[in-house]
Amino acid sequence: MTVLIVGGSGFLGSELVRQATGAGHRTAATYRTKPGKAGQVTWHALDLRDPESVDAVVAEVRPGLVVNASSGGADWATTAEGPVRLAMAVARYGGRLVHVSSDAVFSGTRVHYDESCLPDPITPYGAAKAAAETGVVLVQPGAVVARTSLIIGDGQSGHEHAVHRLVAGARTGVLFTDDIRCPVHVTDLAAALMELASGHTSGIHHLGGNQALSRHELGILIARRDGLDGSRLPAGLRADSTHAGALDVRLDSRATQRKLRTTLRGARQFLAPAA
């Protein structure tokens, strides 16, 4: 099967590329500014804001599976409209679509969110992600929309880099103690996405880790794993800051987990120091 990873040069995209090629799939991937470093991959420049660019890449690759792991922040044309353009191209040329969404579609008002909960975003980014979900499902009713949370790796994620810089005093700011999420490891997330892609399921799925903790708690775990002094991590309250966004959003991923062989581990598991 030919697999197209949109956003393949990014953090999650790079892991999806690794797993797709490792499984023996003919793999193509896209990039916005520069291609990734993975070999055995055909790289394509892609701007999701440009309908002709989207159509041209899908027409050339003719993938049996497209996984959209792109990230455009709060830019509406990229994050909200881009995935719909992609879904339209996939519908035109055939193939299965898996779209990666975010827990940012929720306000945190009810804290615990399963797949039946309707989006109620409170940030421009969350609104763009929610709009993309709606558009993708309308265009491709058979698509998988997978919401996830903070994505952590083995030192490569943005949150891990921030922890190191905060401990070293190379960055200002705090880690919030009242901002709760369900972090997931990038390898677990990519494997779960590929599992969902290989099945016959569709619709909304939640792919968060099985433990909820604050950004500060997460930072302490990262510091401990990496042999850093976690006491140097400054703590604060998001509620007292000017940073917009939900406070407590816990993805309930149990329904999706029952469909998967991959275990969506919690951060206390995958960040445990090596024995």
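Predicted model: local features only at pLDDT ≥ 70, side-chain atom pairs only at ≥ 80, totals over all residues.
Biologist: Is T148 buried or exposed?

Modeller: T148 has 4% relative accessibility and therefore counts as buried; the cut-offs are under 20% relative accessible area for buried and over 50% for exposed, with partly exposed in between, using a 1.4 Å probe and protein chains only.

Biologist: And what does the side chain of T148 reach?

Modeller: The side chain of T148 comes to 2.8 Å from the backbone oxygen of L207. That is a polar contact, defined as a pair of N or O atoms within 3.5 Å; within protein, one must be able to donate a hydrogen and the other to accept it, and residues adjacent in sequence count only if both atoms are side-chain atoms.

Biologist: Where is T148 placed?

Modeller: T148 belongs to strand β7; helices (H or I, at least four residues) and strands (E, at least two) are DSSP runs, numbered from the N terminus. Strand β7 (residues 144-148) pairs with β5 (residues 96-102) in the parallel sense over five bridges, and V100 has A146 as its bridge partner in β7. Pairing requires that DSSP finds at least two bridges between two strands. β7 also pairs with β12 in the parallel sense, again over five bridges, and there V144 stands opposite G203.

Biologist: What is the order of the strands in the sheet?

Modeller: The sheet is open and made of seven strands with parallel pairing, in the order β3-β2-β1-β4-β5-β7-β12. The edges are β3 (41-45) and β12 (203-207), each with a single partner strand, so one side of each has no neighbour in the sheet. On average, with direction ignored, neighbouring strands of this sheet are turned by 20° against each other.

Biologist: Which strands does helix α4 lie across?

Modeller: Helix α4 (residues 124-139) lies across β5, β7 and β12 and runs at about 160° to β5. Helix α2 (residues 51-61) lies across β1 (2-6), β2 (26-31) and β3, running at about 160° to β3. The axes are lines fitted to C-alpha atoms, for helices over the stretch in contact, and angles run from 0 to 180 degrees between N-to-C directions.

Biologist: Switching to packing, how many residues are in the largest nonpolar core?

Modeller: The largest nonpolar core has 27 residues, and L12, L16, L193 and L207 have the most contacts inside it. At least two residues each come from β1, α1 (11-22), β4 (65-68), β5, β7 and α6 (186-198), with α6 supplying the largest share, eight residues. Apart from it lies another core, of 18 residues, including L48, V57, A89 and V90. A nonpolar core here is a set of buried Ala, Val, Leu, Ile, Met, Phe, Trp, Tyr and Cys residues joined through side-chain atoms within 4.5 Å.

Biologist: Back to polar atoms: what lies 3.3 Å from a polar atom of the side chain of S253?

Modeller: That is the backbone oxygen of H206. S253 sits in the loop between β15 (250-251) and α8 (254-257), and at 7% relative accessibility S253 counts as buried. With residues up to four places away in sequence not counted, S253 touches H206, L207, G208 and L264.

Biologist: Which residues of helix α7 are buried?

Modeller: In α7 (residues 215-225), the buried residues are H216, L218, G219, L221, I222 and A223, and they pack against β8 (151-152), α5, β9 (175-176), β13 (213-214), β14 (235-236) and α9 (267-270). G227, which follows α7, has a positive phi near 70°.

Biologist: Last one: how many helices and strands are in the protein?

Modeller: The protein has nine helices and 15 strands. Its radius of gyration is 18 Å, close to the 19 Å that the globule rule gives for 275 residues, so the protein is as compact as a globular protein of that length; the radius is taken over C-alpha atoms, and the rule is 2.2 Å times the number of residues to the power 0.38. Buried residues make up 52% of the 275 residues.

Terms used:
Residues numbered from 1 in each chain as written. Heavy atoms only, no water. Contact = heavy atoms within 4.5 Å.
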